[in-house]
Amino acid sequence: MKYDICCIGHITHDKIVTPASVVHMAGGTSFYFSNAIRQMPLRYQLITAVAETEMPYVQELRDNGIDVMVFPSQQTVYFENIYGENQDNRTQRVLHKSDPFTVGQLEMVTAGIFHLGPLLADDIPVDLIRNLASRGKVSLDVQGFLREVRDEQVYPVDWPEKLEALAYISILKANETEMEQLTGTADIKAGIQQLVDWGVPEVIITLGSKGSVIYYDGALHRIPAFVPRQVIDATGCGDTYMAGYLFRRHKGDFVENAGNFAAAMATSKIEASGPFCGNEADVKQVMQERSAFVFH
């Protein structure tokens, strides 16, 4: 079966600490992306790897109608995410790591878009990215390639293999800090241009409460953030954004319309703890009802 979108990434065990609460739950790009996209009208598959102790997380996704291919791993990635009053800022510890994915595991999988959600630098090797690009478009949330774990602490690093790997990426998503790590500049336009020069034709830079900027086909599109009624939990907002964006791009939307849809999904997600579990109609209602920030 050929899927419309296939997400590849580890499910994590997350400890989320905010000024209001401490919560233990499943997490990771694959978890938040899968929940956000599961009620959208398309053929979707998740490919993940967890230890036996976290298989209930996989079963919960399957119970919610998600097609999950799971590989065994000696351990499950264990993240501790600590937020302050400003939900745009986060500190992390990594207590366990999972086994990396391999070309052999995924050689029979076909999809229109492969969305990669590495959590740590060695999750997805370049040879797998190259292999997937021969079978479909590759979308990448770059954050995991810019994280190094030393003594359980997460440190920002450059991605040594970026020039080789980015040649195979069709869509890249980074936040402004990750863009600076990757390109060496904090200037949004200059950073995007560098990524384009390295071979990425479609670039998304998320700016938290300030919205996002999308580059495609020679033009920059500034996407405002919709105003949340309350800010509860920002974990997974970027993954939710990408679920909405790739869904609408797959359906044929131009980047600006897809970006607005994605921004509305992210706003809905930030208003509650846990993943976004709404549908297309819910997102469109947010777009109709909420005013948006003016992009500065």
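Asp 151 lies in the loop between strand S10 (147-150) and strand S11 (153-156), where helices (H or I, at least four residues) and strands (E, at least two) are DSSP runs numbered from the N terminus. The structure is a predicted model, in which local features need pLDDT of at least 70 and side-chain atom pairs count only at pLDDT 80 or more, while totals for chains, interfaces and linings use all residues. Residues are numbered from 1 along each chain as its sequence is written, and side-chain values use heavy atoms, with hydrogens and water left out.

The phi angle of Asp 151 is near 55 degrees, a positive value in a residue other than glycine. With 74% relative accessibility, Asp 151 counts as exposed; here buried means under 20% relative accessible area, exposed over 50%, and partly exposed in between (1.4 Å probe, protein chains only). Glu 152 has its place in the loop between S10 and S11. Its phi is near 75 degrees, again positive in a residue other than glycine, and Glu 152 is partly exposed, with a relative accessible area of 34%.

Turning to the sheet, nine strands form an open arrangement in the order S5-S4-S1-S8-S9-S12-S13-S14-S15, with mixed pairing; two strands pair if DSSP finds at least two bridges between them. Strand S5 (67-72) and strand S15 (219-223) stand at the edges with a single partner strand each, so one side of each is left without a neighbour in the sheet. On average, neighbouring strands of this sheet are turned by 20 degrees against each other, direction ignored. Axes are lines fitted to C-alpha atoms, for helices over the stretch in contact, and angles run from 0 to 180 degrees between N-to-C directions.

Contact means heavy atoms within 4.5 Å. Helix H2 (residues 55-63) lies across S4 and S5 and runs at about 165 degrees to S5.

Within the sheet, strand S9 (residues 137-141) and strand S12 (residues 171-175) pair in the parallel sense over three bridges. Ser 139 stands opposite Ile 171 in S12, and Leu 140 has Leu 172 of S12 as its bridge partner. Four of the five residues of S12 are buried, so this strand is largely enclosed by the rest of the structure. S12 also runs parallel to S13, to which five bridges join it, and Asn 175 stands opposite Thr 206 in S13.

Strand S13 (residues 202-206) is itself mostly covered, as five of its five residues are buried. Glu 202, Ile 204 and Thr 206 point one way from S13, whereas Val 203 and Ile 205 point the other way, and all are buried. Five bridges join S13 to strand S14 (residues 212-216) in an antiparallel run, with Thr 206 opposite Ser 212 in S14. S13 and S14 form a hairpin with five residues between them, and Gly 208 in the turn has a positive phi of about 60 degrees.

Leu 132, in helix H4 (residues 126-133), has 0% relative accessibility and therefore counts as buried. Leaving aside neighbours within four places in sequence, Leu 132 is in contact with Ile 8, Leu 106, Phe 114, Leu 116 and Val 138. Thr 110 and Leu 132 are 22 residues apart in sequence, and their C-alpha atoms are 8.5 Å apart in space.

Finally, there is a helix pair to consider. The axes of helix H6 (residues 176-183) and helix H7 (residues 188-197) come within 10 Å and cross at roughly 55 degrees. H6 and H7 are therefore oblique to each other; angles under 35 degrees count as roughly parallel, over 145 as roughly antiparallel, 65 to 115 as roughly perpendicular and the rest as oblique. In this pair, Glu 176, Met 179, Leu 182 and Thr 183 of H6 meet Ile 188, Gly 191, Ile 192, Gln 194 and Leu 195 of H7. The residues of the contact of H6 with H7 divide into five nonpolar, three polar and one charged, where Ala, Val, Leu, Ile, Met, Phe, Trp, Tyr, Cys and Pro count as nonpolar, Asp, Glu, Lys and Arg as charged, and the others, Gly among them, as polar.
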